[in-house]
Amino acid sequence: MTRVERIAALHQAAKERILVLDGSWGVMIQRRELSEDDFRGDRFAGHVGQMKGNNDILCLTRPDVIADLHDQYFAAGADISETNTFSATTIAQDDYHLDTQSVWDINLEGAKLARASADRWTEMEPHKPRFAAGSIGPLNKMLSMSSDVNDPGARLVTFDQVYEAYRHQVRALHEGGVDLYLIETITDTLNCKACIKAIKDLEDEGLEPLPIWISGTITDRSGRTLSGQTAEAFWNSVRHAKPFAIGFNCALGADLMRPFIAELSRVADTLVAAYPNAGLPNAMGQYDEEPHQTAHFIEEWAASGLVNIVGGCCGTTPEHIKHTADAVSKLPTREIPERPVAMRLSGLEPFEMVA
């Protein structure tokens with residue numbers, strides 16, 4: 001299929017059923033017990049500093065591991081698998097002293113690996129097309145919050161620097177063949193808006209438009225993102241992008257995430273997506289929630305008409321995705337509400353003025 005045909009198939013599939021995203025990449029890579037040499041490969045054998053822990057670099061040094069994980073998640077029932085590029089921006093990869101070309105190559109090869117796996121599974125099971133989402137994760141530097149408790153105006157980056165970093169990543173993911181962009185685990189809405197602007201500017205310059213999926217993260221039971229917004233305020237901040245889907249991931253398990261997904265489901269006139277952690281981490285930082293437990297929570301969301309796309313974040317495995325896919329397979333997808341025309345604004349709180 002051409003990319004135009006794949007995007008049409010994605011929209012059609014979203015009308016017909018609840019779509020399933022893959023699960024955690026970090027936990028599955030940790031299980032491989034890879035060495036420093038695995039992360040370095042030949043290309044980075046003499047690179048300065050430690051490379052172990054930079055999971056994104058495995059797109060270049062251990063592509064076999066990444067391809068296998070895509071295949072495991074598609075085999076478990078995922079419709080969409082995301083590229084292994086969560087931290088593949090020039091800003092985030094500066095921690096590992098990687099140059100611009102290396103960051104480009106991570107995104108390009110990461111997209112090609114996801115594309116190849118999705119195409120293989122689509123060919124094997126043409127009744128269930130698979131899709132590749134370009135993972136665009138949060139930065140380690142924020143535009144909305146000070147980097148110095150003694151200086152509220154201090155920032156480690158400018159808007160233009162964040163914009164350029166995302167623009168670089170988006171172009172490489174697009175060239176590698178992704179079907180949609182997944183701006184995920186958003187802690188700072190202003191960073192997200194820089195990414196949205198980068199995507200829209202590239203489209204204005206002639207880059208083929210792709211669907212945009214925006215996924216924030218609620219950091220605790222206060223119901224706010226790290227930069228302070230409620231669920232509805234977050235939606236009001238990004239709805240101008242007319243995203244394919246809006247949702248939340250990470251930070252919380254499914255039981256604690258539910259009220260915030262319900263709030264998005266009420267206000268968003270687009271698809272709602274959610275992929276929670278496998279509960280909260282224990283004292284050792286491990287996730288104890290079993291696959292059937294995660295699936296039980298998500299099944300209730302689906303039965304309540306809250307979601308269009310589900311999946312898993314930290315601590316989830318192919319088994320979690322298999323249980324989740326089975327649990328929602330016969331449940332109807334959420335109906336998108338028609339909301340009255342109104343002026344909707346946001347700061348930390350939403351504001352609505354109906355004519």
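The following legends describe close-up views of a predicted model.

View 1. The strands pair in parallel and follow the order S1-S8-S7-S6-S5-S4-S3-S2. At the edges of this sheet lie strand S1 (19–20) and strand S2 (80–82), each of which pairs on one side only. Strands of a sheet pair through backbone hydrogen bonds, in either a parallel or an antiparallel arrangement.

View 2. Strand S4 (residues 180–186) runs parallel to strand S5 (residues 212–216), and four bridges join the two. Within this pairing, isoleucine 183 has isoleucine 214 of S5 as its bridge partner. Helix H7 (residues 159–176) lies across S4 and strand S3 (131–136), and runs at about 165 degrees to S3.

View 3. Helix H8 (residues 189–204) comprises 16 residues, and the distance from its first C-alpha to its last is 22 Å, close to the 22 Å expected at 1.5 Å a residue. The N-terminal end of H8 is capped by aspartate 188, which places a side-chain oxygen 3.0 Å from the backbone nitrogen of leucine 190. Beyond the helix follows glycine 206, which has a positive phi near 115 degrees. The buried residues of H8 include Cys192, Cys195, Ile196, Ile199 and Leu202, and among them are also the polar residues Thr189 and Asn191 and the acidic residues Asp201 and Glu203. The cover over the buried residues of H8 includes strands S3, S4 and S5 together with helices H7 and H9 (231–238).

**View 4. The aromatic pair of tryptophan 25 and tyrosine 73.** Three aromatic pairs are found in a search of the whole structure. One of them, formed by tryptophan 25 and tyrosine 73, is tilted, with 6.3 Å centre to centre and 45 degrees between the planes. The two residues are 48 residues apart and the pair links distant parts of the chain: tryptophan 25 belongs to the loop between S1 and helix H2 (26–31), and tyrosine 73 to helix H5 (residues 63–75). Tryptophan 25 has a relative accessible area of 9% and therefore counts as buried, the limit being under 20%. Tyrosine 73 is likewise buried, because its relative accessibility is 0%.

**View 5. Aspartate 79 and its surroundings.** Aspartate 79 is situated in the loop between H5 and S2. Its relative accessible area is 1%, so aspartate 79 is buried. The side chain of aspartate 79 makes a polar contact of 2.7 Å with the side chain of arginine 17. Leaving aside residues up to four places away in sequence, aspartate 79 touches Arg17, Ile18, Leu19, Val20, Phe74, Lys128, Pro129, Arg130 and Phe131.

View 6. The bridge partner of alanine 342 is valine 354 in S10. Methionine 343 is found in S9, and is partly exposed because its relative accessible area is 37%. Although methionine 343 and methionine 353 are 10 residues apart along the chain, their C-alpha atoms are separated by 5.2 Å. With residues up to four places away in sequence not counted, methionine 343 touches Phe351, Glu352 and Met353.

Key: Residues are numbered from 1 along each chain as its sequence is written. This is a predicted model: local features need pLDDT of at least 70, side-chain atom pairs count only at pLDDT 80 or more; totals for chains, interfaces and linings use all residues. Side-chain values use heavy atoms; hydrogens and water are left out. Two strands pair if DSSP finds at least two bridges between them. Contact means heavy atoms within 4.5 Å. Axes are lines fitted to C-alpha atoms, for helices over the stretch in contact, and angles run from 0 to 180 degrees between N-to-C directions. The expected span of a helix is 1.5 Å times one less than its number of residues. Buried means under 20% relative accessible area, exposed over 50%, partly exposed in between (1.4 Å probe, protein chains only). A polar contact is a pair of N or O atoms within 3.5 Å; within protein, one must be able to donate a hydrogen and the other to accept it, and residues adjacent in sequence count only if both atoms are side-chain atoms. Rings of Phe, Tyr and Trp (its six-membered ring) pair if their centres lie within 6.5 Å; planes under 30 degrees apart count as stacked, over 60 as edge-to-face and the rest as tilted.
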